[in-house]
Amino acid sequence: MSNGTNETPVVHMENIVKHFGTITALDGVDFTVEKQQVMALLGDNGAGKSTLIKILMGVHTPDRGQIYFEGQPVRINSPRYARAMGIEACYQDLALVNLMSITRNFFLGRELARKIGPINWLSMRKMNDLTRAALADVGIKIRSPAEKVGTLSGGERQSIAIGRAMHFGAKLLILDEPTSALSVAETRKVLTYTLNAKERGLSVIFISHNVRHVYQVADAYTIIRHGRKVGTYAKGELTEDDIADIIAGVREC
Amino acid sequence: MSAVATRRETKRRIIPESPIAGPLVTLIGVFIIFSLFVPHFCTLRSVSGIINAAVLTGTVTIGITLLMIVGEFDLSVGSMMAMGAFLYGLYTVENGNPLWALSLALLVPGLMGALNGFILIRTGIPSFIVTLSTMFIYRGIVWLYSGGQMLQTIEQVPIYDVFNGRLDFIADAVQGANFRTAALWFVGLVFLFQYVLVRTRFGNHVFAAGGNVGAAAAQGVNVKRTKLLCFIISGALAGFAGVLLFSQFKTALIATGAGTELTAIASAVVGGALLTGGSGSILGALLGVLIISMLRTGIILLNLPFIPADNFEAIVGVTIVGAAIFNNWVRGRS
């Protein structure tokens, strides 16, 4: 309870088990994210971070375990369902279509359109205006909404994915290694957007294998290793080096 | 001042970024070169000939381009074209119900396209293998349906004029301008599908599914349905090419349309479509078929000793590679 609130958590995952064939990816993991909390999900490559998040996004279904969203037990069986509840994920490579414009990416999957007969005609001008306004609203400046995403820098791309999730009313934002390929300056920008999102009332799961990427913004850390949870720690409970050691398995906790 | 500079920069970036920039430059270049060296090339007679010759492949290319943007392609369109030609031919000649003939000629190839898409989605086998197989299978169905016989008629059914009538008012106004209604149908389809691609939700999903499947699926785009629809549209367009073909020649052979799939892919590439998906345009496809058709006419009229009309395919090969390199270069500059 890093924020000291007694509110129901946004998400509570209980005793999650997932096997792929003979491999046990997750072995009874509990994971909780409070309201308006930036929760860092840390672990080495292959620790089970992605599997846990994919279960939350409805990409995989757990073999055992229960998920509660805002206190209600839920069965998340598709990404569409997860999104409808207000869970938005920004994956590193899977966030945007580089060959398409900012506007087309922003509204992808929920384009504004007028239905004439069987055909949905896009309202491009309206979407362009809304994209520019919505991104400005969350503090992201763009040159032109018609610009192709592929011409933007990594940080700009990440910020557009975050801005999109914020605009479409996400309650829980999942950032999958958002800064691992970015320069120092761009990383700082993405961290600012993360804090903006929190200020606006969102909860954020920040996935990383490197604690240095999240130490400044995270309210709490959950560390998993070999499919098991090592523990959840509040900000200030451990130093950066302590956490790095636990992730690597140098130190047991 | 900086605002002006940015705007100019944006403009400069958008022009070469347009997918038709490359093919448009190629088309104009080829036209100018032939006009300089080939007598009577820059006349309405030769231009109308170039357009008429481009219509059949062009109609198929619309569908192929759509498929290439969504990240797939279809080698069986030539066989579907033959199927469309036979269905349309038999039902216009024997039963004499032109609407029924037209519907079947669109519906059956459309279903064949749907089957291609269905196999691809269900098995995950690449479209190259799936449609290479169905190319032979559908040709076999054409053979069975036709009884191994070619179909020919000398009847003049009114619907043939709908799809291949002479546009007399142009021919009267300008001597030698032999435009056909088929060209109007083709150009109409080009603009329809260009508009659908750029201005509809379906079109948006086509670009997304071809550009980045993962991102599209993560945003809730139904990738499978989008691909299936592209296969169906491409099949129906191949069937329609068969309709145009039979209206023009009043003949359907078992081998009708064989090879069209490759010329169509070539035209789509020359027109700026990426084989890896996510990029291309139907207007570019129009330019692509016109470039290839123009080269054919130009080479024939040039009558070079080492490239007679029969050896034209070599020129197509050179064009594809050249256009692909050129389009990449134009794209890379933006």
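Start with chain B: a compact globule of 334 residues would have a radius of gyration near 20 Å, and chain B has 20 Å, which agrees. That radius is taken over C-alpha atoms, and the globule rule is 2.2 Å times the number of residues to the power 0.38. Before going on: this is a predicted model, in which local features need pLDDT of at least 70 and side-chain atom pairs count only at pLDDT 80 or more, while totals for chains, interfaces and linings use all residues. Residues are numbered from 1 along each chain as its sequence is written, and chains are lettered from A and ligands numbered from 1 in the order in which they are written.

Chain B has 15 helices and two strands; helices (H or I, at least four residues) and strands (E, at least two) are DSSP runs, numbered from the N terminus. Its C-alpha atoms fill a box of roughly 70 × 55 × 40 Å along the principal axes. Of its 334 residues, 49% are buried, meaning that 20 or more other C-beta atoms, placed from the backbone, lie within 10 Å of the residue's own.

Chain A has seven helices and 12 strands. The radius of gyration of chain A is 19 Å, close to the 18 Å that the rule gives for 253 residues, so chain A is as compact as a globular protein of that length. Buried residues make up 45% of chain A, and its C-alpha atoms fill a box of roughly 60 × 40 × 40 Å along the principal axes.

Now the contact between the chains. How many residues does each chain bring to the contact? Chain B brings 20 and chain A brings 25, where two residues are in contact if their C-beta atoms, placed from the backbone, lie within 7 Å. On the chain B side, α1 (2-17), α10 (201-211) and α11 (213-218) each supply at least two residues. α10(B) gives the most, with five. By class, that side has six nonpolar, 11 polar and three charged residues; Ala, Val, Leu, Ile, Met, Phe, Trp, Tyr, Cys and Pro count as nonpolar, Asp, Glu, Lys and Arg as charged, and the others, Gly among them, as polar.

Next, helix α13 of chain B, residues 260-270. Is α13(B) mostly covered or mostly uncovered? Mostly covered: 10 of its 11 residues are buried, including B:Glu261 and B:Ile265. Just after the helix, B:Gly272 takes a positive phi of about 100°.

α13(B) packs on α14(B), residues 282-302, at about 115°, with the axes 7 Å apart. The axes are lines fitted to C-alpha atoms over the stretch in contact, and angles run from 0 to 180 degrees between N-to-C directions. The two helices are therefore roughly perpendicular, a word used for 65 to 115 degrees; under 35 is roughly parallel, over 145 roughly antiparallel and the rest oblique. Among the residues that meet are B:Thr263 and B:Ala266 in α13(B), and B:Ala285 and B:Gly288 in α14(B). The contact has seven nonpolar, three polar and no charged residues.

α14(B) also packs on α3(B), residues 44-69, where the axes come within 8 Å and cross at roughly 135°. This pair is therefore oblique. B:Ala285 and B:Gly288 of α14(B) are among the residues in this contact too, which by class has 10 nonpolar, nine polar and one charged residues.

Terms used: Buried ≥ 20, exposed ≤ 12 C-beta atoms within 10 Å, placed from the backbone.
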